[in-house]
Amino acid sequence: APQAEQHEFSAEVGRLLDLVVHALYSDREIFLRELVANAADATDKRRFEALTDTALALPGNASIRINPDKTSKLLTISDDGTGMTREELTQNLGTIARSGTRAFGQKLDSAKPEDRPSLIGQFGVGFYAAFMVADRVDVTSRKAGSDDAWMWSSDGKGSYTLSPASRSTPGTDIVMHMKDDAEEFLDTWRLRSIVRKWADHISWPITLRETNEDGTSEDKSANEGTALWRKPKSEITPEQYAEFYRHVAHAFEEPYATLHWHAEGTTEFTALLFLPGARPFDFMEQSRESKIHLHVRRMFITDEAELVPNWMRFVQGVVDTEDLPLNVSREMLQATPVLSRIRKAVTKRVLNEIKTRAKDAESGFDAFWENFGPVIKEGLWEDGEHRQEIAGFARFHSTHDAALTTLDDYISRMKDGQDVIYYLTGDNMDALKASAQLEGFTARGLEVLLLTDPVDGFWPERLNSYQDKTFRSVSQSHGDLEKFEAASADTAEPADLDALIPALKDALGDQVKDVRSTVRLTGSAVVITSEGGPDMAMQRLLRRSGQ
Ligand code: ADP
Ligand code: MG
């Protein structure tokens, strides 16, 4: 018999396995969704690789096969996908290469039980879900383009073995030795209903082996396999839309908005896009590129086509076009005018949806803004074409009240003679609200925007103005205050500073440019300001990055 080598899981995997198995007990059926999704991903991948290497071509009847066996208590999921080499089995199933996994473990630890499934889904630790229902999992895989097959086997308790195996065609078999209390997942009716619920839209055929009365068995189709976005809107239920959203976005909530349309004309495409209902917990750490899936005639091509600007990267979903060849190459994707036309149209449509919702007080837009405002504001900085439109719907905290405000509302409250929009940036809202910088402004009824996101240190200068009103940081607006009367006129005698100021100048020397009396303070004794130079938050950011 071939020698099986034993390997230890990396420490993270061990921990993660423990959490996944115990945290998700009530939602065990999602193991099937995770494994079918992996099989579909692997089949997509092989189809894509075969575009440039015909030797890797999929068999004409490529499918995902689910085979329950009640007698032996085994559940097998097989695919014709790209498969895994010995190294890939080790890498993909034995370690966690992904960054941020530790953060995930901590999050999962501290999350409420009901929030845990969504964390798992977002993080795509999907394969390990198999250990919720199985006390041993054997993965036999043969890489497309190779003759060698390997078996990875583990009880999910700290180690796994690798041994040479055989498989007549490329692809992967996941064999689960089901736990005694998980036998429900060997029932065909149960499996069929789970596939219907979680995987109906997967475009590869999914079959389920059923045993007939006479003891013979046959593979029966278990999914519709119609690409949901290709169906007419009238035939799609809200529940189907939501399910598809959860699938593409790795989410568990309802989408905030669903956009489904077919474009004809110079470029023909169908789009099914979603504005998410929640912010993925690691969203700010993820890459800045959009991950909208590009399909050509229903076939998945890539999620790296960057179909919307970076500041719209929260948008999830699918764009499917007739106007590109199926064997489109990476170079071609970068150069083709078809994609730039699609990009333009998609961006415009999403922008319009956001603008419409921003105007509708009933639409729950503030919650959406709390989720994605910090990213949308990157557009104020780097998207010259849409900068002013974004400024039109952007929301801000301000000294006016606790609610978020638009710039238009700010402008409508401006004092007579006020011609600039004042703002103050910092890391923390409470510190900002208590800042001595605000005193002179508050005393004069001048409203100040309070900005705490990292990008807030940059965009005001770049945006420059909105509705002809320029932005000015209060830390650079010292001179403006003299124009306005303080609400509570200060009747106290001006203090005699003739001796104090030279003494302070003397003591501080080169550390300051000047020491002056000011009208901007009402409660505090001193405040540090910068005039003419870059905004203070910017100075801090530059200092942090070592410039
Ligand atoms: P994710 O799918 O989010 O990457 P998973 O835990 O579900 O995370 O899977 C981990 C990795 O294992 C996948 O990225 C893939 O490389 C590999 N893998 C899992 N199942 C298969 C399969 N059926 N065929 C080929 N590779 C697979
Ligand atoms: Mg997966």
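These are my notebook entries on one predicted protein model, from the whole chain down to single residues.

**Ground rules.** I worked on a predicted model, where local features need pLDDT of at least 70 and side-chain atom pairs count only at pLDDT 80 or more, while totals for chains, interfaces and linings use all residues. Residues are numbered from 1 along each chain as its sequence is written, and chains are lettered from A and ligands numbered from 1 in the order in which they are written.

**Whole chain.** I looked up the secondary structure and found 18 helices and 19 strands in the protein chain, where helices (H or I, at least four residues) and strands (E, at least two) are DSSP runs numbered from the N terminus. Of its 547 residues, 35% count as buried, a class that asks for 20 or more other C-beta atoms within 10 Å of the residue's own, with exposed set at 12 or fewer, partly exposed in between, and C-beta atoms placed from the backbone.

**The sheet.** I then followed an open sheet of 9 strands with mixed pairing, in the order S1-S6-S5-S4-S7-S3-S2-S8-S9; two strands pair if DSSP finds at least two bridges between them. Its edges are strand S1 (5-8) and strand S9 (217-221), each of which pairs on one side only.

**Helix H2.** Helix H2 (residues 30-50) lies across S2 (64-69), S3 (74-79), S7 and S8 (206-211), and runs at about 20° to S3. I also traced H2 to helix H6 (residues 188-199), where the two axes come within 9 Å and cross at roughly 65°. Leu32, Arg33 and Val36 of H2 make this contact with Leu191, Ile194, Trp198 and Ala199 of H6, contact meaning that the C-beta atoms of two residues, placed from the backbone, lie within 7 Å.

**Ser146.** Last, I located Ser146 in the loop between S4 and strand S5 (149-154).

Conventions: Axes are lines fitted to C-alpha atoms, for helices over the stretch in contact, and angles run from 0 to 180 degrees between N-to-C directions.
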